[in-house]
Structure formats: structure tokens, C-alpha cells
Amino acid sequence: MDLLTAKGNLVREIEQAGYQITYVKTLRGRVSHGTKICILPQSVTRKSVYYTAHELYHALEPRKSRHANVCEMKAEKFAQKKLREMGVPVPRSSVVRGKRYVAMKVRRAIKRRIKHIDKEVLNYISDYYVVDRLDGQYHIVKVG
Ligand SMILES: [Zn+2]
């Protein structure tokens with residue numbers, strides 16, 4: 001499937017979930033559940049399609065988990081699966097960036113003294129980050 005068709009299909013799904021699309025020139029995305037607005041990059045590239053698929057997850061699954069790190073990992077995995085299904089090669093840089101993003105959410109959760117970090121999240125970021133528990137406190141260390 002070509003990129004324009006792939007992106008068009010994802011955008012249609014976001015709209016069907018009840019969201020209005022606002023396009024931006026930069027490479028970013030965001031779903032606001034309150035205002036029902038979805039911000040998407042205007043460009044039509046593999047990265048842009050990846051962002052669009054990521055935001056589709058948020059549109060379809062509002063607040064599935066109360067932990068942002070879990071939601072973001074699921075959105076990342078969903079985006080990768082969607083692109084593969086559409087025959088769009090998953091940009092490796094987007095995957096790496098996504099893992100850093102999930103790790104940032106984990107770091108924030110640790111700062112708020114989270115009691116438990118999801119095993120799937122730890123596994124997902126494990127190429128780049130290791131989370132240790134010392135004296136009952138989590139610590140995150142960059143390894144890659
Ligand atoms: Zn997200």
C-alpha cells in the first residue's frame with residue numbers, strides 16, 4: 001500500500017472514532033480526548049504514517065491504563081503492527097525514538113514513586129534502558 005493510501009485509511013479511522021484532525025507542519029501528534037481534536041503531521045512519509053497510527057491507538061483506546069508508560073508502549077506496538085499490516089516498512093528511527101519516549105514516561109513514573117512497573121514495558125525498553133530496584137526504589141539506567 002502506498003503511503004498516501006495508508007495515511008488516508010488511518011486518518012479515516014481516527015475521524016470515525018469521533019476526532020477532528022488538525023494538521024501541523026512539524027513531526028508530532030497528539031490526541032485530546034476532551035476536545036476530540038487529533039493533531040497530526042501534514043507530511044506523507046513513513047514517519048508521518050507511524051505517528052498517525054500511534055495517535056489512532058489513543059483515539060481508539062482512551063485511557064486504557066492509568067499509567068502513561070503502558071499507554072505509550074501499547075500505542076507504539078500498535079503503530080508498528082498497523083504499518084506492517086499495510087505493507088509500510090516500519091522506520092527504525094521511529095521505533096528507537098518511541099522507546100526513548102516510553103522510557104521518559106517510566107522515568108516520570110519513578111519520580112512519582114510508582115509502586116510497580118509493567119513487565120511488558122520493561123521488556124520493551126530493555127534494548128536501551130534497564131530498570132533496577134534498590135532499597136525499594138526504582139532506578140532507570142540507559143544502556144544502549
Ligand atoms: Zn502517544
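The crossing of α3 and α4 is left-handed, meaning that the near helix is turned anticlockwise from the far one by less than a right angle, where clockwise would be right-handed. The contact involves Ala68, Asn69, Glu72, Met73, Glu76 and Gln80 from α3, and Val95, Gly98, Tyr101, Val102, Lys105, Val106 and Ala109 from α4; contact requires C-beta atoms, placed from the backbone, within 7 Å.

Before I go on, this is a predicted model, where local features need pLDDT of at least 70, side-chain atom pairs count only at pLDDT 80 or more, and totals for chains, interfaces and linings use all residues. Residues are numbered from 1 along each chain as its sequence is written. Helices (H or I, at least four residues) and strands (E, at least two) are DSSP runs, numbered from the N terminus.

Back to that pair. The axes of α3 and α4 cross at roughly 170° and come within 8 Å. Axes here are lines fitted to C-alpha atoms, for helices over the stretch in contact, with angles from 0 to 180 degrees between N-to-C directions. The two helices are therefore roughly antiparallel, the word for angles over 145 degrees; under 35 is roughly parallel, 65 to 115 roughly perpendicular, and the rest oblique.

Now α3 itself. Helix α3, residues 68–85, has 18 residues and spans 25 Å from first C-alpha to last, close to the expected 26 Å, which is 1.5 Å times one less than the number of residues. Which residues of α3 are buried? They are Asn69, Val70, Glu72, Met73, Lys74, Ala75, Glu76, Ala79, Lys82 and Leu83, buried being 20 or more other C-beta atoms within 10 Å of a residue's own, those atoms placed from the backbone. Their cover includes α2 (46–60), α4 (92–111) and α5 (119–125). Just after α3, Gly87 has a positive phi of about 75°.

The other helix pair is α1, residues 3–16, with α2: their axes come within 9 Å and cross at roughly 15°. α1 and α2 are therefore roughly parallel to each other, and this crossing is left-handed. Among the α1 residues that meet α2 are Leu3, Leu10 and Ile14.

Last, the strands. Strands β1 (residues 20–24) and β3 (residues 37–41) run parallel, joined by five bridges; pairing takes at least two bridges found by DSSP. Ile21 has Cys38 of β3 as its bridge partner. Strand β2, residues 30–32, pairs with β3 in the antiparallel sense over three bridges, and Arg30 stands opposite Ile39. The β2–β3 hairpin has four residues between its strands, and there Lys36 takes a positive phi near 60°.

Terms used
A residue is buried if 20 or more other C-beta atoms lie within 10 Å of its own, exposed if 12 or fewer, and partly exposed in between; C-beta atoms are placed from the backbone. Two residues are in contact if their C-beta atoms, placed from the backbone, lie within 7 Å.
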